[in-house]
Amino acid sequence: MIRWLRALEAVVRRDILRFFKQTSRLVSAVVRPALWLLVFAAGFQNVLGVSITPPYETYIPYDVYMTPGLLGMVLLFQGMQSSLSLVFDREVGLLRLLLTSPFPRAYLLFVKLVAGTILGVVQALVFLAIARLAGVDLPDSAFLTVVPALVIGGFTLASLGLLLSVYVKRLENYAGAMNFVIFPSFFFSTALYPLWKISESGAVWIVHVAQINPFTSVVEMIRFALYGQMAWQPTAITLLAGILAFLMAARGYDPQKGMLGSKSQD
Amino acid sequence: MPPALSIDRLVKRYGPLVALDAISFSVEPGQVAALLGPNGAGKTTLFQILTGLFVADSGHVSLLGVDVARDPVAALRQLGIVFQQSALDPDLTARQNLIFHGGLHGLSRGDAAARADAWLREFGLADGASKPCRQLSGGMKRRVELARALMTDPALILLDEPTQGLDPKSRKELVETVFSLARGRGLSVLWATHLVGEVVDADVVIVLDHGTIVGQGTAPHLLAQTGTATLEDAFLALTAPIEGGNLA
């Protein structure tokens, strides 16, 4: 058992070490959502009247509505980053090293997810602190109550990233793939606007897409968790999506399927 | 004592192409076995099966009696691998790379660090240990990878064309290091290469061509079999196209 934890620790440590060596990544992880918060919340404060829907009990300013979406965005970017790091590992040969360690393959992939989740949760909490400092009105208890939601959301988005890394073989293809995942996930969700607002404007198809988008569930789960409330359905959907993505990714990395590296004969 | 490595009628196909055609051989404990083969012979496929990255269509591989397909985790624990392509985290130092690997094999951080330091010293890498690996020379990187493969006390070391891309001096040093380790510590080695000069001192030479074993035995045995004077000529004779390769 202790051997398993040591392998976990080694992978987590390496990912954290790499994270802090990449200063640009460190900065953008915090600046990106902060910029969104600043610019969008200021610009749309009076444009979007957000009416009272649970978990909110009163009229709320737009920055409060937007914060869960941005927390989700932090997790989403980290999820994509951790899968990017897997593609990087494949290119520098370290994926082979990881997968030839004496542990079951699924565990080794799970360990990578844990590392990605930890990094995501920490970044999200840092952003939450920034949002509070910037004057976003959230309860103090939010820092505690949101953690389980961040863990589940971070795990699911890292799983989806892992699944993506099965299919995206080369580093240079990655930017395109990330745009295809990140922006649709973010815009076709409740991150920026509530669903009733969209259906009011008549774009029913967007509502349908947003409803089946797992990122919507992540955002709603976080939204309720900030107020210490449990959103059962979004949590269940998020968990289900995460587990499914992980199982599919583990299958994709199965040597029988030969998805690993090239099929070169020599 | 079971053989360090035993391969029994191993078959691997990629569609219609037969990459490995029922090959069998074994490596006894303490032996250095050379796996010689031209490019495309099936060496890398074999290594991918040995390391559990691919699964064979049929046949068996066992490491110290442990079946690789049945218990890959126990088998991998016995194995030290130097991959054909370098596999180091370029942003981490040599020492950090080694400690990371120790962790992946379930060593405690203290233990991994002590082993990393000992092996880096043994290989004359103590100076470079604190530099990011991307700054190391090709020869140094290879030695770091060899140190990494050795730090978990494996029963068998797999070397997949480890001298590829090295200059002649680094190449010679690496060959000498591996042979002296094998002789001094009783390490079993399977060394895949197409450079015959590297493995003339091997205890057993296995010549692989188009997925079949075309020659197997000690160097003198292969010379006698092919009626040649050097291992290089024997290798060329054994891997020559059929019509021109009717020997002796």
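Reader: Which residue is the bridge partner of Leu36(B) in β8(B)?

Author: The partner of Leu36(B) is Thr193(B). The model is a predicted one, in which local features need pLDDT of at least 70 and side-chain atom pairs count only at pLDDT 80 or more, while totals for chains, interfaces and linings use all residues. Residues are numbered from 1 along each chain as its sequence is written, and chains are lettered from A and ligands numbered from 1 in the order in which they are written.

Reader: What makes β3(B) and β8(B) paired strands?

Author: Strands are DSSP runs of E with at least two residues, helices are runs of H or I with at least four, and both are numbered from the N terminus. Two strands pair if DSSP finds at least two bridges between them. Strand β3(B), residues 32-36, and β8(B) share 5 bridges in the parallel sense, and therefore they count as paired.

Reader: Why are β6(B) and β10(B) called edge strands?

Author: The open sheet has 6 strands in the order β6-β7-β8-β3-β9-β10 of chain B, with mixed pairing. β6(B) (79-82) and β10(B) (212-217) each have a single partner strand, so one side of each is left without a neighbour in the sheet.

Reader: What makes the unit of β7(B), α6(B) and β8(B) right-handed?

Author: A crossover has that name if, with the strands pointing away from the viewer, the path from the first strand over the helix to the second runs clockwise. The β-α-β unit made by β7(B), helix α6(B) (residues 168-185) and β8(B) is right-handed, and therefore its path is clockwise in that view.

Reader: How many residues of chain A are in contact with chain B?

Author: Contact means that two C-beta atoms, placed from the backbone, lie within 7 Å, and 29 residues of chain A are in contact with 35 residues of chain B. The largest share of chain A's side, 9 residues, comes from α1(A).
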